[in-house]
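Trainee: I'm new to this one. Please walk me closely through its loops and what they connect.

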Amino acid sequence: MQDRTLPIWLPRLAGNKGPRFLQIADALQAAVADGSLKPGDRLPPQRQLAAQLDVDLTTVTRAYDEARRRNLLEGRGARGTYVAAPKVELSPILDLSMNTPPPPDGVDFDDMLKQGLSQVLMRADNASLMTYHLGGGSDADRKAGAAWLAPMFGQLDPGQVLVCPGAQAAIAALILALTEPGDVILAEPMTYPGLRAAATQFGRRIVAVAADENGMVPAMLEEACRRHQPGLVYLNPTLQNPTAITMPEGRRKELAAIAQRCKVRIVEDDPYWLLADAPPPPIAALAPEQAVYISTLSKCLTPGLRVAFVLLRDPQERERFLVALRSFALMAAPLSAALATQWILDGSAGGLLAGVGKETRLRHRMARDILAGRYGGAGDGLHVWLALPAYWHSAQLAGAAASYGIAVTPAEAFATTDGESVNAIRISLGSIQDRGRLQAGLQRLSDLLARRPEPFSAAVV
């Protein structure tokens, strides 16, 4: 009688979708990564595995061929198929620390990149791609920016849209353009670390304003405005980095009204809006004169483009912004900007965005299954905010995870001011390209969270 007992690594198939042969190959890779399968282990014969899984032999043959292509398996003639010894370091760091988009599901990115660059080089004046560009982008780039922002704002005047080399450059230029040295910038207690880095470099001071499960608390913002007379309020209201909170529309309106009464501008850094499921309108749509809006392509398409769009309606502020930007970044790289424009205007960016969104939702389902009651995500976006059990401290857990080959980001990295205390870590779901390796990393992290730290770890900070 055929043995239908499944190998221990095959339950990994349960949480995945897609072609069965790739599911089997991914499960093999995850098992090798987490040590469930070790070099020299013998795999079931292909016919036996096909019968156990109730699939045809061709599916298993394709799965084993794919695993061989990934250097996971080796055939030994009549003796069967075995887990291969690693040709290189088998378990490099599993990076759950960097917020980058995952590979888009159902999109051949390599082909898209080649086609996009081919179209750019065919249609553009190559000399213009290799020279200086001033003024916040060409007319075509600004038109593409207006099209990119249309889901948030509807039809826009492209003249109000500026192109710059990434959101970090945009934040820095806005700080220089809209504040003075010594000014206070208000932000939530946990926020994007690049804000603090830029503010500190330019001699501005960050002050934290209390937040709850819906984001910054309106009464606390009003009090902080009266006390500090801030130059700016910084908000990341959709799938906030790092807490993954999406601020509801009512809260957005309250904060905008307070900012208007207190005569302070809002910088709305909104990299994840297009990845979110049914997000509220941006603050800059609800209060157009109060908020400056930043949308980067790095978080929902690919970091390599280094292109962000800034919606800045006041012409004098646009000029001040461009002067500030030129002082340290001058412009977005023309070739990157031209590629972004090409993809947006020909529809390729929309397909890539859809593929990234589909993959992020698949990864969130995986994280929810593996992390069970510890999962702190919204089901979309690039990251999960994980509250830790009392026996782990965030920095201690990050150190222990590193010793297990996993990189995560502790709450301390996001603290707006020194001394903020939140016992949590951020887990990024897109930085590991292969879904099987991500699964292995999440499982390894879940196992670590379930155990109390060793006594000698208590000194780790």
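Mentor: First, a term: helices (H or I, at least four residues) and strands (E, at least two) are DSSP runs, numbered from the N terminus. This is a predicted model, where local features need pLDDT of at least 70 and side-chain atom pairs 80 or more, while totals for chains, interfaces and linings use all residues. Residues are numbered from 1 along each chain as its sequence is written, and side-chain values use heavy atoms, leaving out hydrogens and water.

Now, take the loop between helix H11 (315-326) and helix H12 (334-346): that's where you'll find Leu330. Leu330 isn't a glycine, yet its phi is positive, near 65 degrees. Leu330 is partly exposed, at 27% relative accessibility (buried is under 20% relative accessible area, exposed over 50%, partly exposed in between, with a 1.4 Å probe and protein chains only).

Next, go to helix H9 (249-261) and look at the loop joining strand S9 (232-235) to it; Pro242 sits there. The peptide bond leading from Asn241 into Pro242 is cis, with omega near 20 degrees.

Lys263 is exposed, and its relative accessible area is 76%.

So what did we meet on the way?
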